[in-house]
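The following note sets out points for a colleague who wishes to examine the model below. Please read the numbered points alongside the sequence and the coordinates.

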Amino acid sequence: MSYVSGFLTPVPGKNKDAYLASAQKSWPLFKEYGATAMRECWEADVPDGEITSFPMAVKREDGEAVVFSWILWPDKATADACWASMETDPRWREMDMPFDGKRMIFGNFETLFEA
């Protein structure tokens, strides 16, 4: 089954177009390193919570939207090789980050069920 890298990021609303452009620019490189799919999802209905929530998790500020993203990989080894390439492939440094990366949440997941 596939392997998934997931991300939750607060992005200023004024940077929506820049964020989309950055995602579109990064896709060919992720694909070159073996990604099979990538999704970038802009907040549509993301309620505040009392105990926990997406906005609380990323410390969303006024004027920001929560972006939920994931990259699909054929396996963990492919994902690990891509992430390692970020230290050696200078093309990664050409990517813009129109958001506060310190508040990004990310992790990698083994697929348990796929339909």
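Predicted model: local features only at pLDDT ≥ 70, side-chain atom pairs only at ≥ 80, totals over all residues.

1. The largest pocket has a volume of about 640 Å³. A pocket here is an open set of points on a 1 Å grid over the protein atoms alone, where a 1.4 Å probe fits and protein lies on both sides within 12 Å along at least five of seven lines; the volume is the space filled by probe spheres set on the points, which are joined across faces, edges and corners. Of the 24 lining residues, those closest to the centre are Phe7, Phe30, Trp83, Met86 and Met104; a lining residue has an atom within 4 Å of a point.

2. Residues are numbered from 1 along each chain as its sequence is written, and side-chain values use heavy atoms, with hydrogens and water left out.

3. Which elements supply at least two residues each of the lining of the largest pocket? They include E1, H1, strand E2 (37-42), E3 and E4; helices (H or I, at least four residues) and strands (E, at least two) are DSSP runs numbered from the N terminus. H1 gives the most, with five residues.

4. Strand E1 (residues 3-12) is mostly covered, with 10 of its 10 residues buried. Buried means under 20% relative accessible area, exposed over 50%, and partly exposed in between, for a 1.4 Å probe and protein chains only. One side of E1 carries Tyr3, Ser5, Phe7, Thr9 and Val11, the other Val4, Gly6, Leu8, Pro10 and Pro12, and both faces are covered.

5. E1 is antiparallel to strand E3 (residues 64-73), to which 10 bridges join it; two strands pair if DSSP finds at least two bridges between them. Within this pairing, Phe7 stands opposite Ser69 and Pro10 stands opposite Val66. E1 also pairs with strand E4 (residues 105-110) in the antiparallel sense over six bridges, where the bridge partner of Leu8 is Ile105.

6. E3 has a further antiparallel pairing, with E2, over six bridges. In that pairing, Cys41 has Phe68 of E3 as its bridge partner. E3 is itself mostly covered, seven of its 10 residues being buried.

7. Thr9 lies in strand E1 and counts as buried at 1% relative accessibility. Leaving out residues up to four places away in sequence, Thr9 touches Val58, Ala65, Val66, Val67, Phe99 and Met104, where contact means heavy atoms within 4.5 Å. Thr9 and Phe106 are 97 residues apart along the chain, and their C-alpha atoms are separated by 8.6 Å.

8. Ser69, located in strand E3, is buried at 1% relative accessibility. Its side chain makes polar contacts with the side chains of Tyr19, at 3.4 Å, and of Glu40, at 2.5 Å. A polar contact is a pair of N or O atoms within 3.5 Å; within protein, one must be able to donate a hydrogen and the other to accept it, and residues adjacent in sequence count only if both atoms are side-chain atoms. Beyond residues up to four places away in sequence, Ser69 touches Ser5, Gly6, Phe7, Tyr19, Arg39 and Glu40.

9. In helix H3 (residues 76-85), the buried residues are Thr78, Ala79, Cys82 and Ser85. They line one face of the helix, because seen down the axis of H3 they fall within an arc of 120°, the arc being that of the directions from the helix axis to the C-beta atoms. These buried residues pack against E1, helix H1 (16-32) and E3. At the start of H3, a side-chain oxygen of Asp75 comes to within 3.3 Å of the backbone nitrogen of Ala77.

10. Where is Arg60 placed? Arg60 is in the loop between helix H2 (54-57) and E3, and is partly exposed, with a relative accessible area of 23%. The side chains of Arg60 and Asp48 form a polar contact of 2.9 Å; the two residues are 12 apart in sequence and 9.6 Å apart in space, C-alpha to C-alpha.
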